[in-house]
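Visitor: I should like a close look at a single part of this model, taken strand by strand. Please set out how that part is built and how it compares with its surroundings.

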Amino acid sequence: MHGWLPRTAAAAALALALGGTATLFRPARTAASSGHVPRAVVFVADTSGIVRVGPDGTRTPVSDAGARLMALGDDGSLYAVRGDDKIVQIRPDGADVSLPFADLGLATGLAVDRDGIVYVATRDRGIRTMKPGAVKQGSVALTGLRFIAGMAVDEAGTVHAASTDGGRIVSRTLAGQQTSSFALGLYGRPVALAADRGSNLYVVDRDTDRVIRIGPAGKHATLGSGGFDGLAVAEDGGVYATDLDNDRVVRLAEGAAPAPMVTGLTGVTALAVRTVPNPPTEVKAAAGDGQAEVKWFGATGNGGRPINAYVVTASPGGRTCTTAGDRCIVTGLINDVSYTFSVRATNTGNEIGTSIPSLSTAVVRPQAPFTEVPTSSSPEPDAATPAPSTSASDAPSASSPVTVAPITSAPVSMPPVTSPSVSVPSVSVPSVTSAPVSVPSVTSAPVSMPPVTSAPVSMPPVTSAPVSIPPVTSAPASVAPVTSAPASVAPVTSAPTTTPVKPSAPGGVSVRAGYSSIDVSWAASDGAVRYRAVAGPGPAMCETSTTNCVLGGTAGTSYTVKVLAFGDTGAWSESVASAVVTPVLPPIAAEPPRTGLKLGTDNGATARPGHAIVVSGTGYAAHSTVRISVYSEPVTLVDAVADETGAFRVRVSVPENLSAGAHSLVASGVDPSGSVRAMRLDLTVAHAGDPLPVTGDAVLVQVLAGLVFVIGGVLLRRVRPDRR
């Protein structure tokens, strides 16, 4: 006993050393691209918590706590089963609300129906239900099941449950009708169940590592194989699964390799998916005073749920307006500032079901309306009405200034004019009325003149008999010259009004199919400084200042292309759609190409027949098809599609009949210019029964492990009791 304790301590120390060594020198995980799901919002749970991956790839933390199961409600609420089997509702505003389910045991399924009722399947305690805000739970009466391994609720409200009893599936309608069937192809261990809008069921079978689709008539098909666990079906029918082997979310389709959608995760545990609408199109803006009216065509796809709102956002400033129609007015803008606007569609009324932004509008500038300054002037005297007379009691008088916008002259004052007494025996002058004084080329305020005591006086251009007086002169008196102060004329200016010059629409759009690409050219537009070619269906596009560019495309998919011309103010015009064009698959060379471009891999350069490895590449045209082939004799293994950065990452199965020895994996495609691009990975295939050779970091781990064993042996030897 005395010697046993030291030996035990030494053994424990050895075990700790081995564990520490293995951890310290474990090969690092290869960094992966973030990826994203086009036209979908994905909630993913891993060891870091729950994140929301938007349709543009933006990742937003939702919760620091992880989840084993997740489901999305129509109002955008996320429901999660925590590690302690507590059920929480994470509302769109971020608030966490615990649902008072009781005595659940082990939760194995989670779903939400169109009415917001939450369903929780338990391993051996049936299915529980609860409406958010309620305090009592209900149940679903299913018979004939011992252990529930997965659950789904379809559009009609039918509840489906998968059992470990030989792959048995039991369904119960809202009317209470129950059916039972055995899912062909299942061998006893379903771990997840999902339903689509077409009455198809999808099952993950752990024993065969397959995802199986089961049609209404019982027909089944395999969508993919691998280390899948969580399962979700989006409103558009897309099937998504968590890939435990590669810590990622993939999209599955019959006859195609799993397509990576969200990568770079750590210990992925659950997912939930919602399809979002397409963004609106033909968005245009008209500026007003401190505001702008924006209008558009509605989204062409609603994401499987009715669109209930459109949100317009101004840039800069972020001012918004929301409407259920096809136009609204953004207020609170600053006049004479340039703005563009984009529109997003939502089928939840919050960020959960919101599309990516539309293309921005042309630049507009809100402006205050131009207002003319009102003009005030004295009325012209009526020819039929005598001018008012002046009398001695009015002299001298100051004239009132006359304002004629925008010219102002100082008042003009004339000194009194007095003429000597003139005797006119036969003329009686009861009053003197003189014609207005005309001063050439001078616009001034009214002139005040004292009374003139004389015979009727004529001042040009008026002459009165019998006395003729030259202009403003009577002998022997003299009339002082009439002068006015110099008039100051202020310049009349108004705020400049700039109307964006809209370039002419591009013409003659020509398309030519290439390898996984489309070569586009067009005629130049008057007033255009740049162009944008957009493929339909999207999302491929290219921007250039020339009149041609290359778009990446998925081989076998038919496209049309439109070209947008932009002026220097941001105003734009759009061409008519091109003819239909279909890119073709890139060619496969008879011999593996000689290239220094090396494919990446997570699995090393050694594999066995029938096993899978992950390969990745970069530098391809965005959204283009990349063919993965194996040599010596070229055999195409899988077609991948590059993401928006031109990168791909795909799981490749080594053919069962591939001979042992040296082979090459080659990824053939095109680069952003449309030129052929190939990347290569030299691969050693081992015999089916041979151990895989150990290379790289694993060698270091084994050497260090051996060293630790040696040290451990020495320690054990030293603590061994002396038997002599």
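Guide: Strand S26, which covers residues 291-297, pairs with S29 in the antiparallel sense, and five bridges join the two. Within this pairing, Lys295 stands opposite Arg327 of S29. The two strands belong to an open sheet of three strands, whose order is S25-S26-S29 and whose pairing is antiparallel. Its edge strands are S25 (281-287) and S29 (327-331), each of which pairs on one side only. From one strand to the next, the twist averages 20°.

Among the elements of the protein, S29 has the highest mean pLDDT, at 95, whereas helix H1 (residues 4-24) has the lowest, at 42. For the protein, the mean pLDDT is 76, and 70% of the residues reach 70 or more. Two stretches call for caution. Over residues 452-459 the pLDDT stays under 50, and the model has 20 contacts beyond four places in sequence for them. The pLDDT is also below 50 over residues 472-480, a stretch with 14 contacts in the model beyond near neighbours in sequence. Where pLDDT is low, predicted coordinates should not be read in detail.

A further strand to consider is S30, residues 340-346, in which Ala345 lies. Is Ala345 buried or exposed? Ala345 counts as buried because its relative accessibility is 0%. Leaving aside neighbours within four places in sequence, its contacts include Pro277, Asn278 and Pro280, as well as Ala299, Ile307, Ala309 and Tyr310. Gly353, Thr354 and Ser355 are also among the residues in contact with Ala345. Between the C-alpha atoms of Ala345 and Thr322, which are 23 residues apart along the chain, the separation is 9.9 Å.

For comparison, one may turn to strand S46, residues 625-631. Seven of its seven residues are buried, so S46 is largely enclosed by the rest of the structure. In a regular strand, side chains alternate between the two faces of the sheet. Both faces of S46 are covered: one side carries the buried residues Thr625, Arg627, Ser629 and Tyr631, and the other carries Val626, Ile628 and Val630, also buried.

With S47 (residues 635-641) the pairing is antiparallel over six bridges, and the two strands form a hairpin with three residues between them. Here Thr625 stands opposite Val641 of S47. With S49 (residues 661-670), S46 runs antiparallel and is joined by five bridges; Val666 in S49 is the bridge partner of Ser629.

Terms used:
Residues are numbered from 1 along each chain as its sequence is written. This is a predicted model: local features need pLDDT of at least 70, side-chain atom pairs count only at pLDDT 80 or more; totals for chains, interfaces and linings use all residues. Side-chain values use heavy atoms; hydrogens and water are left out. Helices (H or I, at least four residues) and strands (E, at least two) are DSSP runs, numbered from the N terminus. Buried means under 20% relative accessible area, exposed over 50%, partly exposed in between (1.4 Å probe, protein chains only). Contact means heavy atoms within 4.5 Å. Two strands pair if DSSP finds at least two bridges between them. Axes are lines fitted to C-alpha atoms, for helices over the stretch in contact, and angles run from 0 to 180 degrees between N-to-C directions. pLDDT is the predictor's confidence in each residue, from 0 to 100.
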